[in-house]
Amino acid sequence: MKVRFIGHSCFILESNNASIIIDPFIKGNPSATIKPADVKVDAILVTHGHSDHLGDAVEISKRNNAPVIGTFELVNYCISKGATGHQMHIGGGHDFPFGRVKLTIAHHGSSGEDIQPGAPCGFIINMGGKTVYHAGDTGLFSDMELIGETNPIDLALLPIGDNFTMGIEDAILAVGMLRPKRVIPMHYNTFDLIRQDPELLRKGLVGKDVIMEVLRPGEETEI
Ligand code: NI
Ligand code: MN
């Protein structure tokens, strides 16, 4: 499966027969190298209602006739703006044509300017024979141990920006609990307030059985 980093917390996952985008913050994203109109996907997964995650979800949904997938409240908001959607909630999983999505907890907020979108979440995605965990915006939480125990995670996408989410120290602890094969940091360096050196994460993971990859916006990797 191909994993393409668009920037911030936005990734496109592409298997042989499907592709999805997560947290499609593109237009207002100073690091994004594509336009919403360039995105061709089968589904749009959104972790929470903050504008740096919800981003261009509604526009991409309309253009692709693809569902927004997320919590009940957030998806209802997107539907009210003309998107199509599939409402879920934390702890629930569903088999979609492209693969399976399960919503996890995330410790964060979620409301936007004109929206009350309920709780934020993370995603466990089974697609193309791989398991990807996108943590969303969250602080460290000990249930990551359980997530790691019950899911053989091929790739963990973890925020490291600090201030609004986990910083590097807690991301190192998260990797210890999740035990993924591979980790890619996200949610850093988009704005000054979340400036981080991802090489410090690499140093903190020395000796642990994990591959850490740093992708620059626009870069992709194969897992
Ligand atoms: Ni947020
Ligand atoms: Mn954020």
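User: What makes β2 and β3 a pair of strands?

Analyst: In this predicted model, four bridges join β2 (residues 10–14) to β3 (residues 19–22), and the two run antiparallel. Strands are DSSP runs of E with at least two residues, and two strands pair if DSSP finds at least two bridges between them. Four bridges are listed here, so β2 and β3 count as paired. Leucine 13 has isoleucine 20 in β3 as its bridge partner.

User: Why are β6 and β14 called edge strands?

Analyst: The open sheet runs β6-β5-β4-β3-β2-β1-β14 with mixed pairing. β6 (84–88) and β14 (220–222) each pair on one side only.

User: Why is histidine 53 called buried?

Analyst: Its relative accessible area is 0%. Buried means under 20%, exposed over 50%, partly exposed in between, with a 1.4 Å probe and protein chains only, so histidine 53 is buried. Aspartate 137, at 1%, is buried too.

User: How do you know that Asp52, His53, Asp137 and His187 coordinate the manganese ion (ligand 2)?

Analyst: Donors are N, O and S atoms within 2.8 Å of the metal (3.2 Å for Na, K and Ca). Asp52 (OD), His53 (NE2), Asp137 (OD) and His187 (NE2) coordinate the manganese ion at 2.2 Å, so they meet the cut-off. Water is not among the atoms, so sites may look incomplete. Aspartate 137 also bridges to the nickel ion (ligand 1), the two metals lying 3.2 Å apart.

User: What conventions apply to the numbering and the values?

Analyst: Residues are numbered from 1 along each chain as its sequence is written, with chains lettered from A and ligands numbered from 1 in the order written. Local features need pLDDT of at least 70 and side-chain atom pairs pLDDT 80 or more, while totals for chains, interfaces and linings use all residues, and side-chain values use heavy atoms, leaving out hydrogens and water.
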